[in-house]
Amino acid sequence: MSTVIPTSHTAVTVPEAMTALKLSRSKIYDLIRSGALPSYTEGRARRIPLDSLRTYMHNRLEEAA
């Protein structure tokens, strides 16, 4: 079984976040714009820190409980 997010990375790309969360590109960018999924740009590349991704998933689990 392969890992969706490489463990050697400290940040993921938008397509990697899409795969990890099973969400569309537009939904990922909506989450970024709303501040629910913090990210940064490096040049023209958008990166989402793994901690941000984990926090988002943790918050969604708490909301569902």
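Helices (H or I, at least four residues) and strands (E, at least two) are DSSP runs, numbered from the N terminus. This is a predicted model, where local features need pLDDT of at least 70, side-chain atom pairs count only at pLDDT 80 or more, and totals for chains, interfaces and linings use all residues. Residues are numbered from 1 along each chain as its sequence is written, and side-chain values use heavy atoms, with hydrogens and water left out.

Entry one: salt bridges. I took a salt bridge to be a side-chain nitrogen of Lys or Arg within 4 Å of a carboxyl oxygen of Asp or Glu. How many turn up in the whole structure? My search found three.

Entry two: helix H3. Glu63 and Arg60 sit in helix H3, three residues apart, about one turn of the helix. Their side chains form a salt bridge at 2.9 Å, N to O. For exposure I used relative accessible area: buried is under 20%, exposed over 50%, partly exposed in between (1.4 Å probe, protein chains only). Glu63 is exposed at 56%, and Arg60 is partly exposed at 45%. Also in helix H3 (residues 50-64), Arg54 and Asp51 are three residues apart, so about one helical turn separates them. I got 3.6 Å, N to O, for their salt bridge.

Entry three: helix H2. Arg33 and Asp30 are both in helix H2 (residues 25-34), again three residues apart. The closest N and O atoms of this salt bridge are 2.7 Å apart. Arg33 counts as exposed at 63%, while Asp30 is partly exposed at 38%.
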